[in-house]
Amino acid sequence: MSVSLMRAIGHIPISGISKKFAVFSLIFLAGLSAFSENFRVRKLIPMEFTEITEKITVESGINDAVWITLPPDLTYISGVELQLKVPEEIVTWRDSVAYMLYEKIEPLPTVKNKNYYGERVYLNTIPGNFSLTLYIPISDDFSIKDNPYSVKLPISESYKDKDFSKSGIFLRFMMVMKGVPESLEDAILKISAKPVLNGKGALNLTTTPPASDEKKYSVFIDDLPASDYGNKILSVGEHHLSVVSDSYRNELRTFRIDQAKTTVLSVRLRGIEPLLRIICPRDTNVFLDDSSLKVTSEPIVITQGEHSVKFILGDYEVVKTVSAQNGRTYSVSLNVDATVSEEE
């Protein structure tokens, strides 16, 4: 097939050739490298996404084009899913309508403009099915696998790091078969589109030291050092956090990341001084190193070394000794028990 014939097929509806030759030509062209061309559409249909969970449905004729723009923040978007509901006329005349993906469209698409210049990167025909699912990846982390019920269009290098809020996705439909009924020209495709989310979410971690003079500490997520954890992008699922320091106690947490959501986690750092927790009945008098101590539910800070804890409850008195070390928490409990005995 000559280059001039191939370009002619790319510019105008196929005429004067058989259905079999038309399908062969399209399949052959689909395997070629991208090339630029001028073309005209009957109507441009914009599909502008402002939310990552949004779904938009439009109707398109077989000589129209859809212009899909995405939100500026593509952190959680890996592609676009298009669901085509195919009318009976196109199902009957399978492979009579082609869909084409373009890049580098000029001028910027608007509903008023019908003439464009762009680089075609993919071409295929609509098969004889009442529905067709198209996936258009825009990044390497597109996770949907190939399957017999959908078509995944090939990703282009130029799609990476592209601003899809301005330079969107241009998909064009065109009649490519001669001898079809005139009614086919009026066939309408119902198109539903939504962003495809990747398997990622974010961690918003805040750490609060116990005093204003903040000392050094290190944060590890899944055993890997983490420096930027105010908005850390992570895969969906369970993760492990550890905060390690010579000046603070080590803190360990387990948290979960959900798709396209931010998990907020706050860790209050604690000094390495020993902590003492007292547990006793309400009316107990407690003395720490012979000084009266008011008992609360929170542990108190003590110094390293030997400490005595005295409990006095009525006529009952008991003294316990604690050998405190930095980085440890100690609990001293007074248990008052009652026994029941039986005699004959």
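How many salt bridges does the count come to by this rule, a side-chain nitrogen of Lys or Arg within 4 Å of a carboxyl oxygen of Asp or Glu? The count comes to nine salt bridges.

1. Basis of the note. This is a predicted model, in which local features need pLDDT of at least 70 and side-chain atom pairs count only at pLDDT 80 or more, while totals for chains, interfaces and linings use all residues. Residues are numbered from 1 along each chain as its sequence is written, and side-chain values use heavy atoms, with hydrogens and water left out.

2. Glu37 and Arg120 form a salt bridge through their side chains, with an N to O distance of 3.2 Å. This pair links distant parts of the chain, with Glu37 in strand S1 (residues 35–40) and Arg120 in strand S7 (residues 115–125), 83 residues apart; strands here are DSSP runs of E with at least two residues, numbered from the N terminus. Both Glu37 and Arg120 are buried, where buried means under 20% relative accessible area, exposed means over 50%, and partly exposed lies in between (1.4 Å probe, protein chains only).

3. Arg94 is partly exposed, because its relative accessible area is 40%, whereas Asp95 counts as buried because its relative accessibility is 14%.

4. Arg270 and Glu251 form a salt bridge in which the closest N and O atoms are 3.0 Å apart. The two residues belong to distant parts of the chain, since Arg270 lies in the loop between strand S18 (262–268) and strand S19 (275–279) and Glu251 lies in strand S17, 19 residues apart. Arg270 counts as partly exposed because its relative accessibility is 37%, while Glu251 counts as buried because its value is 5%. Salt bridges that share partners bring Glu251, Arg253 and Arg270 together in one network.

5. The open sheet. Four strands form an open sheet in the order S14-S13-S16-S17, with antiparallel pairing, where two strands pair if DSSP finds at least two bridges between them. Strand S14 (224–225) and S17 stand at the edges and each has a single partner strand, so one side of each is left without a neighbour in the sheet.

6. Strand S13 (residues 218–221) is joined to strand S16 (residues 237–244) by four bridges, and the two run antiparallel. Within this pairing Ser218 stands opposite Val244, and Ile221 stands opposite Leu241. S16 pairs in turn with strand S17 (residues 251–257) in the antiparallel sense over seven bridges, with His240 opposite Thr254, and six residues lie between S16 and S17 in the hairpin that they form.

7. The loop between S13 and S14. Asp223 is found in this loop and counts as exposed, because its relative accessibility is 71%. The C-alpha atoms of Asp223 and Ser242 are separated by 7.7 Å, although these residues are 19 residues apart along the chain.

8. Two pairings of S12. Strand S12 (residues 200–208) pairs with strand S15 (residues 232–235) in the antiparallel sense over four bridges, and here Lys200 stands opposite Ser235. With S18, however, S12 pairs in the parallel sense over seven bridges, Thr206 having Ser266 as its bridge partner.

9. Charged surface patches. Which residues form the negative surface patch? Glu88, Glu89, Glu182, Glu185 and Asp186 form it, and a positive surface patch is formed by Lys55, Lys85, Lys190 and Lys194. Patches are made of residues with over 30% relative accessible area and no salt bridge, like charges being joined within 9 Å and nonpolar side chains (Val, Leu, Ile, Met, Phe, Trp, Tyr) within 5 Å. Glu185 lies in the loop between strand S10 (169–175) and strand S11 (188–197) and is partly exposed, because its relative accessible area is 45%. Lys194, in turn, is found in strand S11 and counts as partly exposed because its relative accessibility is 36%.

Terms used
Accessible areas come from the Shrake-Rupley method with a 1.4 Å probe; for residues, only the protein chains shown count as cover. Lys and Arg count as positive and Asp and Glu as negative; His and the chain ends are not counted. The place of a charge is taken as NZ of Lys, CZ of Arg, CG of Asp or CD of Glu.
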